[in-house]
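Here are some notes to read alongside the structure. Take your time, and look up each residue as you go.

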Amino acid sequence: MPDIKHFTPDTALETVLRLFWRQGFATTGIQDIVTATGLNRSSLYATFGGKQELYRAALGRYLDQRSRPEFRRLAGGDRGLPAVAEFFESLVEARCVGEFARWGCLISNAHAGAEASDPEVRALLDRHHGELREALQRALGAARAQGQLADGVDLQSSAELLALLAYGVNLRSRAGTDASTLRATVRATLHALNGDPSV
């Protein structure tokens, strides 16, 4: 008879995602995963594969369920710089307050770890970066159409700058930088794009 799963893979993967997110890939062992999920090793291996496969699946889930909805909100509509400001405010809030405070971002954490040497992980990180940069560039395009950008601002390089700022917020918050410092940095960056300190 076929083996019957007595657990929900989706729920187990969310547990594993949070474990990697909080602890990091290198310091999370299979026994940590077994303990956190309550599953035995054979069930884990049969469903997901080994630790590396689990990590890739967790990254994909994070991109789909956490990153992409934020990218869609950022790129949608025609609000321009207010949408960018809202994106960063939401980011700072998530990184500094509540359940996930000081966890950073699973994707940004992966950029800084040895796991990024895995070609499949690297491809996912590149895909995430491209989607983030595109969403920011769309928001900046709307800002230009509404006269919110200073003369001479290049949309592509500015979107890249803001993407790097997002990674910085993620990593510095994980290191304990307070929300007010991160917000001040975001305001200074938006001011440089706009020239208006009220943005």
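**Notes on a predicted model**

1. Let's begin in a loop. Arginine 102 is found in the loop between α5 and α6. Please keep in mind as you read that this is a predicted model. The phi angle of arginine 102 is near 65 degrees, which is a positive value in a residue other than glycine. Is arginine 102 buried or exposed? Arginine 102 has a relative accessible area of 52%, and because exposed means over 50%, arginine 102 counts as exposed.

2. Next, have a look at helix α4, which covers residues 51-75. How far apart are its end C-alpha atoms? They are 34 Å apart, and this agrees with the 36 Å that 25 residues should span at 1.5 Å a residue.

3. Now follow α4 along to serine 67, where the helix bends by about 40 degrees. A proline, proline 69, follows within four residues. Both Ser67 and Pro69 are among the buried residues of α4. After the helix comes glycine 77, whose phi is positive, near 80 degrees.

4. Which other residues of α4 are buried? They include Leu54, Tyr55, Ala58, Leu59, Gly60, Arg61, Tyr62 and Leu63, as well as Phe71 and Leu74. The partners that the buried residues of α4 pack against are α1 (9-23), α2 (30-37), α3 (41-48), α5 (81-96), α6 (106-111) and α7 (119-145).

5. Leucine 155 belongs to helix α8, residues 155-174. Its relative accessibility is 17%, so leucine 155 counts as buried, the cut-off being under 20%. What does leucine 155 touch, if we leave aside its neighbours within four places in sequence? It is in contact with Gln137, Leu140, Gly141, Arg144 and Leu149. Alanine 143 is twelve residues away from leucine 155 along the chain, and the C-alpha atoms of the two are separated by 9.8 Å.

6. Finally, the cysteines. A disulfide is a covalent bond between the sulfur atoms of two cysteines. How many disulfides does the structure hold? The number is zero. For cysteine 96, the closest cysteine sulfur is in cysteine 105, 13 Å away, which is too far for a bond because a disulfide needs the sulfur atoms within 2.5 Å.

Definitions and conventions: Residues numbered from 1 in each chain as written. Predicted model: local features only at pLDDT ≥ 70, side-chain atom pairs only at ≥ 80, totals over all residues. Heavy atoms only, no water. Helix = DSSP H or I, 4+ residues; strand = E, 2+ residues; numbered from the N terminus. Expected span 1.5 Å × (residues − 1). Bend = angle between axes of the 7 residues up to and from the residue. Buried < 20%, exposed > 50% of the residue type's maximum accessible area, 1.4 Å probe, protein only. Contact = heavy atoms within 4.5 Å.
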